[in-house]
Amino acid sequence: MKTLQTSIRRTAFAALSGATLAVASPFATAATIGFMAPLSGPVAVVGQDQVDGFMLALEQLGGKLGGQATTVIKEDDQLKPEIGGQIVRKFIDKDKVDAIVGLSFSNVLMASLPRIVESGTVAIATNAGPSPMAGAGCKANVFSTAWQNDGAAEAMGKFAQDKGVKKVYLMAPNYQAGKDMLTGFKRYFKGQIVDEVYTQVNQPDYSAELAQLQAAKPDAVFVFYPGGMGVNFVKQMAQAGLMGKLPLYSVFTVDGTTLPGLRDAAIGSVSGAMWDASLDTPESKKFVAAFEAKYKRTPSAYAATAYDAANILNIALAKAKPGDATALAAAVKAAGDEVKSVRGPFAFNNNNLPVQNYYAFETVKTGGTVAGKLVATPLAKQVDAYHTQCALK
């Protein structure tokens, strides 16, 4: 398999100076992290932001997690569940990793879970929180520093409800996360759902769907289209003359990964998220400044979740040494209460998914720059709808 043959192995010291390398003790234990994300195809930017956020935190920590010299092995799952499953088996059986981070989109994550659970290896998702994993399928060694999939959509449902919107048209790709997002929106929006449309994953052309949307005459449209899908959808909506006429509410569609490609096309849209580069907290400002200095671009929420994951592992590995998966899982759980997250409030719930704020950001243009502007906090310290089904305490 090409993606396995071309595995990118880089130690966390690659970006550090020789002087830093020289102080590593030969007697110190070492940690190995497997990082799996989509690094090619239409959503590669989503995966790359996660990798870059994690590696930035690792660099700031001197190339160590919990004082352990750390090696990161990166793999491209290509957004294909079968490849993701193979990579996870390789991480566990061949590479003997201490933790797996990233874990791609919900469909890839779900396909990888059986081996992760069987092995007991600590896993931290930085871009997914599917409802089965949040509920009865929760496991002590599986975490998410991202979100329960419904969360941001719940915030947009409440935002639309608070705005007095009466009729909404819903759209999303046809996979687990798409279904979770629309379920979340409907949980808080009590008006009329004009239609609920599921499109193919990575579909490039939405002209037929946009014609149906226009004919339905809703008061607003709510969509979930991450990465390249979001760029295509919003641009085509603008080209159809709908932007500015039909309010666009979205999650993971207009964000740090897509704004560089969308720019003015996205102005006026409102997005639900647990974080945006415009969030005014000390930790967020420090993170954004460091990310922009290193990578010459503005980070997205995907980078933020991975950055937090590295800092959580740093706290955990200071308490549980590599090789003891059970102790490391317990330490990761406890670290959720200690980490200073870039997003503001953060803790792991009993199901190992975040308790956090969900914000609403409007895309605006100020001084020639298009960016998000905080306009509301629809849900504060939100607890997901599935945690009561989880047997964990």
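Strand β5 (residues 99-102) pairs with β6 in the parallel sense, over four bridges. The structure described here is a predicted model. Within this pairing, G102 stands opposite A125 of β6. In a regular strand the side chains alternate between the two faces of the sheet. Strand β6 is covered on both faces: V122 and I124 are buried on one side, and A123 and A125 are buried on the other.

Q50 counts as buried, at 0% relative accessibility. When neighbours within four places in sequence are left aside, the contacts of Q50 are F35, G102, T126, N127, Y302, A303 and A306.

The largest nonpolar core comprises 105 residues, and those with the most contacts inside it are F54, F222, F287 and V332. Helix α13 (residues 301-317) supplies the largest share of this core, 13 residues. Another core lies apart from it and has 23 residues, including V223, Y225, L248 and A266.

For V332 itself, leaving aside neighbours within four places in sequence, the residues in contact are V122, I124, F143, I312, L313, A316 and F348. Two of these residues, V122 and I124, lie on one side of β6 and are buried.

The structure holds one disulfide. A disulfide is a covalent bond between the sulfur atoms of two cysteines. Here the bond joins C138 to C390, with an S to S distance of 2.0 Å. The link between C138 and C390 is right-handed, with 90° about the S-S bond. C138 lies in the loop between α6 (131-134) and β7, whereas C390 is in the segment after β15, so the pair ties together parts that are 252 residues apart in sequence.

Strands β14 (residues 354-366) and β15 run antiparallel and are joined by nine bridges. One of the paired positions is A360, whose bridge partner in β15 is A376. Two residues lie between the strands of this hairpin, in which G367 takes a positive phi near 60°. A positive phi also occurs at K381, about 45°, although K381 is not a glycine. K381 lies in strand β15 (residues 369-382) and counts as exposed, at 55% relative accessibility.

L79 is likewise a residue other than glycine with a positive phi, in this case near 60°. L79 is found in the loop between β4 (68-76) and α4 (81-93). In contrast to the exposed K381, L79 is buried, with a relative accessible area of 10%. Helix α4 contains P81, which is partly exposed, with a relative accessible area of 29%. P81 is in contact with N107, V108 and A111 when its neighbours within four places in sequence are left aside. The C-alpha atoms of P81 and M110 are 8.0 Å apart in space, while the two residues are 29 residues apart in sequence.

With regard to annotation, an unreviewed UniProt entry places the feature "domain: Leucine-binding protein" at residues 32-366. Over residues 32-366 the chain is 42% helix and 21% strand. The end C-alpha atoms of this stretch are 43 Å apart.

Note on methods. Residues numbered from 1 in each chain as written. Predicted model: local features only at pLDDT ≥ 70, side-chain atom pairs only at ≥ 80, totals over all residues. Heavy atoms only, no water. Core = buried A, V, L, I, M, F, W, Y, C linked by side-chain atoms within 4.5 Å. Buried < 20%, exposed > 50% of the residue type's maximum accessible area, 1.4 Å probe, protein only. Contact = heavy atoms within 4.5 Å. UniProt positions renumbered as here; feature names shortened; annotations may be inferred. Disulfide = S-S within 2.5 Å. Pairing = 2+ DSSP bridges.
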